[in-house]
2 protein chains.
Amino acid sequence: MMDKQQIAERYRAIQDVICSGLEALDGGATFAEELWQRDGGGGGRTRIIQQGNVIERGGVNFSAVHGVLPAAVKQAFKVDDEQFFATGVSIVIHPYNPFVPIIHMNIRYFELNDNVRWFGGGIDLTPHYIQPEDASYFHRSLKSVCDAYSPAFYPAFKAHADRYFYIKHRQETRGIGGVFYDRLTPEKAAVPWSDIFEFSCGLGNAFVPIYSELVGRNRHKTFTEQQKQWQYLRRGRYVEFNLVYDAGTKFGLETNGRIESILMSLPPQAQWVYDFKAAPGSAEAFTLSMLRQGVDWLEQ
Amino acid sequence: MMDKQQIAERYRAIQDVICSGLEALDGGATFAEELWQRDGGGGGRTRIIQQGNVIERGGVNFSAVHGVLPAAVKQAFKVDDEQFFATGVSIVIHPYNPFVPIIHMNIRYFELNDNVRWFGGGIDLTPHYIQPEDASYFHRSLKSVCDAYSPAFYPAFKAHADRYFYIKHRQETRGIGGVFYDRLTPEKAAVPWSDIFEFSCGLGNAFVPIYSELVGRNRHKTFTEQQKQWQYLRRGRYVEFNLVYDAGTKFGLETNGRIESILMSLPPQAQWVYDFKAAPGSAEAFTLSMLRQGVDWLEQ
């Protein structure tokens, strides 16, 4: 079975493939890379693409870090180990066109020792305007990645995404969810380690084709200033989720992670409108009505 | 000594005085009021002023609520009481002109029973561009409110504001601080209840004169598009503080408070620029250099 260095190598290669794919998709901007070292051990490659044809700002971050486990994390994980290893790829893309969705992906591997290790990650979509046919395409694509490894994955991970990407104080989901899994082991997944790993790589490799299809469908749609304002308002909700609830963000902020890499998920701009009400029957009202848990997007 | 209803009445009257004062100061917009009831008991008056001559958005919220203490709060406060009463006035003003500072004020009273009750609050200033003479005026004004009640107040509450309004993950303060006090009782303050109460009203009454002076000094300054971008970036930091650290915001979100009243503190828009670096020697770099704890603003 693959060891942690092999996992990190594959993830690093996935970052390369995704960045090339996104540059080809955008057709305008290219990624700027920043290499960084972590004081306690390891480092990463933060890559940012900005002001492209499609992408206003996107980040594709790879890291492979190791060192002494922070006390707070030891306590949270209820383990005694001192050393940890973690590697992963994280992506957030904020497009210009309000009809192109925000997308987020993360695949990661965490290891304390041979007995305590797991995979986590997922892909989820945050359309500013929910379009059921796009939502259905997105979920069907994720289901087919999942089904190649276990028929149990999609239903379980879709439900987990619904629970996770939830803005409790707004009583709305961040977007239309997707798949999310955490602390996945053979015991939990009922498939071997190698399948869990390949599944995570499968998600990584599916990212560009899926997002390219969604961008292709929507990138040339015209939009009004009012629709742009709505996009900024939805981005405000994205900020709320990431700063108030997102576990990765909280973990990063509490453990003195590299702030610019952690907060690359925040949008270029966001707005807050006091007590905004969508006009009844509008596309905005439709979107709000669908931002809920438990929607079967496959059947839309 | 005044009872809780009398405290609420005075705070409500302070809201009125502040709103009139801010309308006169702005000279353009007026407050829109929303009355709300809390399911568990009590309610409030949320007042929002938008798109004025000076103020882009501001909220002045009064509430007086009572009812059953949420279990999480009981635990946090380590008390057995079931019933609570809380009243207060909260303000956040986001001006258009980047040379006019963001200001925040809160005065509040909390009571469980005759033995467990306290006052809290403060005023703090978040200039987009720190101007030492304004900062000094601001702190001297607060000191004179404090000194009327106790010479110990200003140094203690100024230090508390420095500790509280700190964005740990950025290693910078939110602004130039001000005064902040919490769970203030005669035991802690070494002055009687009535003086603590009058001190809180003194802060409330000082709000309009202080902010009027700062607005008057800066409202007609011209600014560039680049300075406006900097303002949006500083507003982004304000969002980060409020969503990640602010105790009142967290408390509100966790206890299902009225979301629009809680999040009125967020700016109309904010921006995030990846890895922004201020030009050496610029006004932006000067501001960043002063966003730290322990600055003696009286002497600037």
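Two strands count as paired here if DSSP finds at least two bridges between them. With that in hand, take strand 1 and strand 2 of chain B, which run antiparallel and are joined by six bridges. Keep in mind as we go that this is a predicted model.

Strand 1 and strand 2 of chain B make a hairpin with four residues between them, and in the turn B:G41 has a positive phi of about 140°. Move on to strand 3 of chain B, and you find it antiparallel to strand 2 of chain B, with nine bridges joining the two. Here B:I49 has B:G58 as its bridge partner in strand 3 of chain B. This pair is a hairpin as well, with four residues between the strands, and B:Q51 takes a positive phi near 50° in it.

Chain B has an open sheet of seven strands in the order 1-2-3-4-5-6-9, with antiparallel pairing. Which strands stand at the edges? They are strand 1 (32–37) and strand 9 (178–184) of chain B; each has a single partner strand, so one side of each is left without a neighbour in the sheet. On average, neighbouring strands of this sheet are turned by 10° against each other, ignoring direction. Further along the order, strand 4 (residues 83–95) and strand 5 (residues 102–111) of chain B run antiparallel and are joined by nine bridges. In strand 5 of chain B, B:F110 stands opposite B:A86.

Next come the helices of chain B. Helix 1 of chain B lies across strand 2 (42–50), strand 3 (55–68), strand 4 and strand 5 of chain B, and runs at about 10° to strand 4 of chain B. Helix 1 (residues 4–26) of chain B also packs with helix 6 (residues 193–218) of chain B, at an angle of about 5° and with the axes 10 Å apart. That angle makes helix 1 of chain B roughly parallel to helix 6 of chain B, because angles under 35 degrees count as roughly parallel. The residues that meet include B:I7, B:I14 and B:L22 from helix 1 of chain B, and B:F197, B:G204 and B:V215 from helix 6 of chain B. By class, this helix contact has 11 nonpolar, four polar and one charged residues.

Over to chain A, which has 10 helices and 10 strands. Its C-alpha trace spans about 55 × 40 × 35 Å along the principal axes. A compact globule with 300 residues would have a radius of gyration near 19 Å, and chain A agrees with that at 19 Å. Of the 300 residues in chain A, 46% are buried. Among contacts in chain A with a separation of 6 or more, 68% come from residues 24 or more positions apart.

The sheet of chain A is open, with seven strands in the order 1-2-3-4-5-6-9 and antiparallel pairing. Its edge strands are strand 1 (32–37) and strand 9 (178–184) of chain A, each pairing on one side only. Strand 5 (residues 102–111) and strand 6 (residues 117–126) of chain A pair in the antiparallel sense over 10 bridges, and A:R108 has A:G120 as its bridge partner in strand 6 of chain A. Helix 3 (residues 132–147) of chain A packs on the sheet, touching strand 6 and strand 9 of chain A, and its direction makes about 35° with that of strand 9 of chain A.

Is A:A64 buried or exposed? It has 22 C-beta neighbours inside 10 Å, so A:A64 counts as buried. Leaving out residues up to four places away in sequence, A:A64 touches A:A8, A:G42, A:G44 and A:T87.

Finally, the two chains meet. The contact takes 23 residues from chain A and 24 residues from chain B. On the side of chain A that touches chain B, helix 7 (225–244), helix 9 (259–262) and strand 10 (269–271) of chain A each give two or more residues. Helix 7 of chain A gives the most, with five residues. By class, that side of chain A has 15 nonpolar, three polar and five charged residues. Strand 10 of chain A pairs with strand 10 (residues 269–271) of chain B in the antiparallel sense over three bridges, and there A:Q271 stands opposite B:Q269.

Methods:
Residues numbered from 1 in each chain as written. Chains lettered and ligands numbered in written order. Predicted model: local features only at pLDDT ≥ 70, side-chain atom pairs only at ≥ 80, totals over all residues. Axes fitted to C-alpha atoms, helices over the stretch in contact; angles between N-to-C directions. Parallel < 35°, antiparallel > 145°, perpendicular 65-115°, else oblique. Contact = placed C-beta atoms within 7 Å. Nonpolar A, V, L, I, M, F, W, Y, C, P; charged D, E, K, R; others polar. Buried ≥ 20, exposed ≤ 12 C-beta atoms within 10 Å, placed from the backbone. Rg over C-alpha atoms; globule rule 2.2 N^0.38 Å.
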